[in-house]
Amino acid sequence: MPRTPHEPRRNVTLPQARRIAVAAQGLARPRPVSVTMRQVDATIRRMGTLQIDSVNVLARSQFLPLFSRLGPYDQTLLARAAHTAPRRITEYWAHQAAFIPVALHPLFRWRMQAYAEEAWGSIRRAETQHAGLVHEVLAAIGDLGPITPSRLTVELGHDPASLRAHWGWNWNVVKTVCEFLFFTGQIATAARTSQFERVFDLPERVLPADVLGAPTPSVEEAHRRLVEIAARAHGIGTVKCLADYWRLKAAPTRRAVDELVEEGALVPVSVDGTPAYLHVEAAVPRRVRARALLSPFDPLVWERDRALWLFGFHYRIGIYTPAEQRVHGYYVLPFLLDGDLVGRVDLKADRASGRLLVQSAWQEPGAPMGTAEELAQELFSMADWLHLDDVVVASKGDLARELAACCVPGIHKGEVTDW
């Protein structure tokens, strides 16, 4: 039954909320012995999205959430799901650049049409500043088929020089126009090159016909469905959590939440005094058994205020921070054990030497005994998945020496070093 306006909110404790969140994200499910496409597909549909990131110091971020939930798997399964017909997932600006199930593509048509408000500067200005080139690029992609912006730049005889020169995205004008056409849904991502460059094509040559032919939801319906998916994926969350999942604005998210409460899909709760919403189908387990290294862009932790609220875990990664200001390292992964974030490690895949480098290792206050052993086993599994032979632990961090001692001789050499 829908909740009446004056009905008191049910209280959910923080430990309960953590377990709900972990279970909703599929992190407490037993890992399969062998991972199939069906399991990859089901995992992505459970989460709703995989954020894409180009940083490859360990593994590109879109690959890591599947490892966290499924264990070692063949990474080509993700490429097949995204780039081989019949495509199961596609790219769009959902939660940043992301993979989404193809069935969700129509839910973002409002964003494609609202680029003037939703897109950022260079993309938003492309249509007015480069109107002729927009038509030229679209026609060329139609004629040439799947093509990268760099190759298209050559084909059209444009200057490959970037429009700006600093640490950010150094796009030339053809790349900028391609991104405008992608944001507005006029082209789609057909593949990625080995250098991680997008290969663009027309949507009708990328997306399934039933997706292209699906009715366009109203803006209100799209928001309602997106918020419901976010709530199902989170299990429990505040309005801010639910808005952040798809980078929605606060006001339409609030309206969607109210409608979903009225429909009975969301249950208003209080998490030790913080107003939140529980998905009606969320499991509320008495305990969870989970062990996972989490990408910095994993849905469980990507909203940093949520990580602090739910887990008491203050989290910033170092890739956006000057080296002298980094506290825990450059590419730091939280370590989930059962219902808590109990540690963090700065990881690097040294492919030349075949080693997984643990450049620092830290435990959280209150981390249980045995944290180092559990973390070591997860590192061994990750090293195997990445085809690395050894785990090498540096001496930095309050968990480093204990972690190194847990590396098992004959499986992976544990070694403490002062690089």
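The model is predicted, with local features requiring pLDDT of at least 70 and side-chain atom pairs pLDDT 80 or more, while totals for chains, interfaces and linings use all residues. Residues are numbered from 1 along each chain as its sequence is written, and side-chain values use heavy atoms, leaving out hydrogens and water. Helices (H or I, at least four residues) and strands (E, at least two) are DSSP runs numbered from the N terminus.

Next, select helix 9, residues 149-156. Pro 149, Leu 152 and Thr 153 are buried there (under 20% relative accessible area, 1.4 Å probe, protein chains only). They lie on the same side of helix 9, because they cover an arc of only 110° around the axis (taken from the directions from the helix axis to the C-beta atoms). Their cover includes helix 8 (131-144), helix 10 (173-183) and strand 6 (198-201).

Then show the open sheet of 4 strands, with order 1-8-9-7 and mixed pairing; two strands pair if DSSP finds at least two bridges between them. Strand 1 (10-12) and strand 7 (236-237) are the edge strands, each pairing on one side only. Strand 1 runs parallel to strand 8 (residues 266-271), joined by 3 bridges. Pick Arg 10, whose bridge partner in strand 8 is Val 269.

Conventions. Buried means under 20% relative accessible area, exposed over 50%, partly exposed in between (1.4 Å probe, protein chains only). Contact means heavy atoms within 4.5 Å.
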